[in-house]
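Grab a pencil and work through the exercises below. Try each task yourself, then read the solution.

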Amino acid sequence: MWHYHDSELRYGSPRIRHELLKEGWVVSERTVGFIMRKNGLRSCMSRKFRVATTDSRHAFPIAKNELQ
């Protein structure tokens, strides 16, 4: 699974299969998945950073607090 390690543990079975097809190997995505699972390999994709703060300086009306 050199493609897996060359991709810094990011490639999963679809991408590895695509790389193998470019090299001339004939293999299914499912077979690549079975081999990866047998060897304990999983792709680790990191999520993109997203700001999760609230914009409190907006121009929209604020709802009345009915619970107090």
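**Exercise 1. Find which residues of helix 2 meet which residues of helix 3, and sort them by type.**

Solution. Start on the helix 2 side: Ser 13, Pro 14, Ile 16, Arg 17 and Leu 20 meet Glu 29, Val 32, Gly 33 and Met 36 of helix 3. Here, contact means heavy atoms within 4.5 Å, and helices are DSSP runs of H or I with at least four residues, numbered from the N terminus. Next, sort them: the contact divides into five nonpolar, two polar and two charged residues. For that count, Ala, Val, Leu, Ile, Met, Phe, Trp, Tyr, Cys and Pro are nonpolar, Asp, Glu, Lys and Arg are charged, and the others, Gly among them, are polar.

A quick word on what you're looking at: this is a predicted model, where local features need pLDDT of at least 70 and side-chain atom pairs count only at pLDDT 80 or more, while totals for chains, interfaces and linings use all residues. Residues are numbered from 1 along each chain as its sequence is written, and side-chain values use heavy atoms, with hydrogens and water left out.

**Exercise 2. Describe how helix 2 and helix 3 cross.**

Solution. First take the axes, which are lines fitted to C-alpha atoms over the stretch in contact, with angles running from 0 to 180 degrees between N-to-C directions. Those of helix 2 and helix 3 come within 9 Å and cross at roughly 115°.

**Exercise 3. List the residues of the largest nonpolar core and say which elements supply two or more of them.**

Solution. Such a core is a set of buried Ala, Val, Leu, Ile, Met, Phe, Trp, Tyr and Cys residues joined through side-chain atoms within 4.5 Å. The largest one has six residues: Ile 16, Leu 20, Val 27, Val 32, Met 36 and Leu 41. Helix 2 (13-23) and helix 3 (29-38) are the elements that give two or more residues to this core.

**Exercise 4. Is Glu 19 buried or exposed, and what about Arg 42?**

Solution. Use the cut-offs: buried is under 20% relative accessible area, exposed over 50%, partly exposed in between (1.4 Å probe, protein chains only). Glu 19 sits in helix 2 and has a relative accessible area of 19%, so Glu 19 is buried. Leaving aside residues up to four places away in sequence, Glu 19 touches His 3 and Tyr 11. Now go to the segment after helix 3 for Arg 42: its relative accessibility is 65%, so Arg 42 counts as exposed.
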